[in-house]
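Opening the notebook on a new model today.

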Amino acid sequence: YSSGILRLGRFTIKTPFMNPQDGRMIPTIQQGLWWKQSLGSHHLVEVYGINAIAPRSTDAFFDIGRSIGTYPMGRNVDISPGDYGEGKTESDFVLIGHYRTQYQGLKLDLWNYHVDNVFNLSYAQLGWDKALSSHHKISLAGQYLYQNRVGQGGNADPSLRYYQQESAQVWGFKAAHHYRSNTFSIAYNRVADAGRFLFPREWGRESLFTFQKRERTEGQADAHNLLLEFAKQHDFGKQGQLRYKLGYGFYQWQDVKAVAKNKNGMPAHEQINIEVCYKLTWKSKNLQLKFLMA
């Protein structure tokens, strides 16, 4: 219907934390209801009700609780191995709400993810763009995430519980300068010391400003991330489009043995990514050749 979408069945969604992910022959797929409605030219509302998920690279749909723990589970806060997979997490549905408003260079996105009996995650992102000339533009953005345990955190037994701590907070900012087809950006994210930021890796990649491919901040607490990026794009008309990006990230995380703040035992590290993408626009609009070196 006019300016709206209503879907019932199976589909892929692109949200900040639940999405198809990258580079997979079989992406993450959801089952349920999806309603999207534009309210004039400045407002958008979305609602998702999901009762089953097929995690990336799998060939079957699982109920919500069973889909959590398909991949390695890390450590509990008491250093014992995580054991919330194989159906031990009790959850029947995920509800997602999204509201967007934008006006004269400002854009605000508000998201809420409610995972039955496990956790609730609220996320806000505010962005601002300003054209300085016909070739120059700057953009600034901030994001904030608050997460808290819901019900039993997945299981009444603490040793089998997915969400063991009470809450977590993440905040960050990003600044970028755009000149013609060149973009230089600097971004920072801080995971507070309140608790580990958790979101099932089976459901999508995170949209933190300092995210780089093959890197995840999920499972961290009391962490600092810094990312510098340079991106450039060349348009060749009917012959295609070439994009490349160079990123340098610095991830200051807690000791690998401090599992209460480092669920997956990942060390502090520096990461350099080189990405190249060539998109064919002649005869084929969907074929892309990609190269990634991390």
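My entries follow, grouped by topic.

**Entry 1: ground rules**

I am working from a predicted model, so local features were taken only where pLDDT is at least 70, and side-chain atom pairs only at pLDDT 80 or more.

**Entry 2: salt bridges**

I began with charges. Side chains of opposite charge can pair when their charged atoms come close. How many salt bridges does a search of the whole structure find? I got 12.

I looked up Arg-100 and Asp-109 and found their side chains in a salt bridge, at 2.7 Å from N to O. Is each partner buried or exposed? Arg-100 has 26% relative accessibility, so I log Arg-100 as partly exposed. Asp-109 comes out at 7%, and therefore goes down as buried, the cut-off for that label being under 20%.

Next I checked Lys-261, which forms a salt bridge with Asp-193; the closest N and O atoms are 3.1 Å apart. Lys-261 is partly exposed, its relative accessible area being 26%. Asp-193 is also listed as partly exposed, with 43%.

Which residues are linked with Lys-261 and Asp-193 in a network of salt bridges? I have Arg-190 and Asp-222 down as the other members.

The last pair I looked up is Lys-245 with Glu-275, whose side chains meet in a salt bridge at 3.9 Å, N to O. Here too distant parts of the chain are linked: Lys-245 belongs to strand E12 and Glu-275 to strand E13, 30 residues apart. Lys-245 counts as partly exposed because its relative accessibility is 30%. Glu-275, with a relative accessible area of 15%, is buried.

I place Glu-46 in strand E3 (residues 43-54). The residue is buried but has no salt bridge. How far away is the nearest side chain of opposite charge? That is Lys-36, and I read 4.6 Å; a salt bridge would need the nitrogen within 4 Å of a carboxyl oxygen.

What does the side chain of Glu-46 make polar contacts with? I noted one with the side chain of Tyr-48, at 2.7 Å. Another polar contact, also listed at 2.7 Å, joins the side chains of Glu-46 and His-98.

**Entry 3: cavities and a pocket**

The search of the whole structure finds 3 cavities of 30 Å³ or more. The largest cavity holds about 70 Å³ of space. I listed its lining: Tyr-71, Pro-72, Tyr-84, Tyr-162, Phe-199, Pro-200, Arg-201, Glu-202, Glu-218, Lys-263 and Asn-264. Split by class, that lining has 6 nonpolar, 1 polar and 4 charged residues.

I also looked at the second largest pocket, with about 390 Å³ of space. Of the 17 residues that line this pocket, which are the closest to its centre? I wrote down Arg-56, Arg-201, Arg-214, Glu-215 and Arg-216. The lining of this pocket divides into 5 nonpolar, 4 polar and 8 charged residues. Arg-201 is on my list for the lining of the largest cavity and among the residues closest to the centre of this pocket.

**Entry 4: backbone angles**

Most residues other than glycine have a negative phi, and most peptide bonds are trans. I looked for exceptions in phi. Ile-79 has a positive value, near 80°, and its place is in the loop between helix H1 (64-67) and strand E5 (94-103). Glu-86 shows a positive phi as well, near 55°. I find Glu-86 in the loop between H1 and E5. Glu-86 counts as exposed because its relative accessibility is 64%.

**Entry 5: a loop leucine**

Where is Leu-132? I traced Leu-132 to the loop between strand E7 (119-131) and strand E8 (136-149). Its relative accessibility is 52%, so I file Leu-132 as exposed, the cut-off being over 50%. Finally, I took the C-alpha separation of Leu-132 and Tyr-179: 9.9 Å, for residues 47 apart along the chain.

Definitions and conventions
Residues numbered from 1 in each chain as written. Heavy atoms only, no water. 1 Å grid on protein atoms, 1.4 Å probe; cavity = no way out; pocket = protein on both sides within 12 Å on 5 of 7 lines; lining within 4 Å. Points joined across faces, edges and corners; volume = space filled by probe spheres on them. Nonpolar A, V, L, I, M, F, W, Y, C, P; charged D, E, K, R; others polar. Buried < 20%, exposed > 50% of the residue type's maximum accessible area, 1.4 Å probe, protein only. Helix = DSSP H or I, 4+ residues; strand = E, 2+ residues; numbered from the N terminus. Lys, Arg positive; Asp, Glu negative; His and termini not counted. Polar contact = N/O pair within 3.5 Å; in protein donor to acceptor, adjacent residues only side chain to side chain.
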